[in-house]
Amino acid sequence: MKGRLAKYGRRPEQLLVLPGISPVVGRTQEEADAKWAALQKLIHPSVGLSTIAPFWPGEDLTQWDLDAPPPYIPQPPIGRNSRAHVVLELARRDKLTVRQLYEYLAGARGHWVVVGTPEKIADAMQSWFENGAADGFNVMPPVLPESLDDFVDLVIPELQRRGLFRTEYEGTTLRENLGLERPVNQFTVRKQKAA
């Protein structure tokens with residue numbers, strides 16, 4: 001990985017960017033779309049509304065028409081709440097209904113959802129990786145163990161064919177496999193200086 005990080009312009013001492021991805025894998029696009037639609041139907045409105053409630057504090061969302069856009073889009077809070085900015089801008093820009101908005105958020109809790117064939121999912125991951133948007137991914141399968149099995153059996157071999165996923169490990173620890181140096185232990189240094 002150390003060589004791979006250097007290849008794409010990231011130095012190993014820089015923070016790694018590992019976004020969450022929730023892949024819905026199908027052998028065909030139609031199969032993946034059907035899996036996604038079935039998952040979306042499982043979201044109970046009370047769960048969905050609780051997912052978006054933080055963006056409309058103090059509002060009784062149960063009174064809203066689920067199949068209409070939110071009655072208003074508040075200004076995001078001042079400060080560093082990028083999630084609120086993203087969610088509210090998404091609702092505004094795409095004119096999503098309340099149901100569409102909570103479906104977008106509820107399944108993967110707002111993480112990146114990619115629905116498609118192994119090749120399509122690998123294409124998306126490769127694009128993010130090669131363009132510096134990600135150094136790797138936290139895979140968040142929507143259903144366990146089935147979705148994880150699909151990812152391992154179908155997407156990982158495609159990533160390996162492209163040389164983007166290891167076929168064996170470099171070491172026995174996560175640190176070694178990420179190509180990171182072991183940091184100096186501040187307590188050992190103090191002991192050595194004191195001695």
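## Burial and L154

A residue is buried when its relative accessible area is under 20%, exposed when it is over 50%, and partly exposed in between (1.4 Å probe, protein chains only). By that rule L154, at 15% relative accessibility, is buried. L154 sits in helix α7; helices here are DSSP runs of H or I, at least four residues long, numbered from the N terminus. Leaving aside residues up to four places away in sequence, L154 touches V25, R27 and P118. Contact means heavy atoms within 4.5 Å. P183 is 29 residues from L154 in sequence, and their C-alpha atoms are 36 Å apart.

## Model and confidence

This is a predicted model, in which local features need pLDDT of at least 70 and side-chain atom pairs count only at pLDDT 80 or more, while totals for chains, interfaces and linings use all residues. Residues are numbered from 1 along each chain as its sequence is written, and side-chain values use heavy atoms, with hydrogens and water left out.

The predictor's confidence in each residue is its pLDDT, from 0 to 100. The chain averages 89. At least 70 is reached by 92% of the residues. Residues 1-8 stay under 50. For that stretch the model has 18 contacts beyond four places in sequence. Where pLDDT is low, the predicted coordinates should not be read in detail.

## Salt bridges

Side chains of opposite charge can pair when their charged atoms come close. A salt bridge here is a side-chain nitrogen of Lys or Arg within 4 Å of a carboxyl oxygen of Asp or Glu. The structure holds 9 of them.

In helix α7 (residues 146-161), E158 and R161 are 3 residues apart, about one turn of the helix. Their side chains form a salt bridge at 2.9 Å, N to O. E158 is buried at 10% relative accessibility, whereas R161 is exposed at 61%. Both belong to a salt-bridge network that also links D123 and R162.

E31 and K35 pair at 3.6 Å, N to O. They lie 4 residues apart in helix α2 (residues 29-41), about one helical turn. An α-helix has 3.6 residues a turn, so residues three or four places apart point the same way. E31 is partly exposed at 31% relative accessibility. K35 is partly exposed too, at 28%.

R99 and D67 meet at 2.8 Å, N to O. R99 lies in helix α5 (residues 98-106) and D67 in the loop between α3 (45-52) and α4 (82-94), so this pair ties together parts that are 32 residues apart in sequence. R99 is partly exposed, with a relative accessible area of 25%.

## Second largest pocket

On a 1 Å grid over the protein atoms alone, a pocket is an open set of points with protein on both sides within 12 Å along at least five of seven lines; lining residues have an atom within 4 Å of a point. Volume is the space filled by probe spheres set on the points, with grid points joined across faces, edges and corners.

The second largest pocket holds about 250 Å³ of space. It is lined by 13 residues, of which V86, Y104, G110, H111 and W112 are the closest to its centre. Helices α4 and α5 each supply at least two lining residues. The most come from α4, with 4 residues.

## Helix α9

None of the 9 residues of helix α9 (residues 186-194) is buried, so this helix lies largely in the open. At its start, a side-chain oxygen of N185 reaches to within 2.8 Å of the backbone nitrogen of F187.

Notes:
Polar contact = N/O pair within 3.5 Å; in protein donor to acceptor, adjacent residues only side chain to side chain. 1 Å grid on protein atoms, 1.4 Å probe; cavity = no way out; pocket = protein on both sides within 12 Å on 5 of 7 lines; lining within 4 Å.
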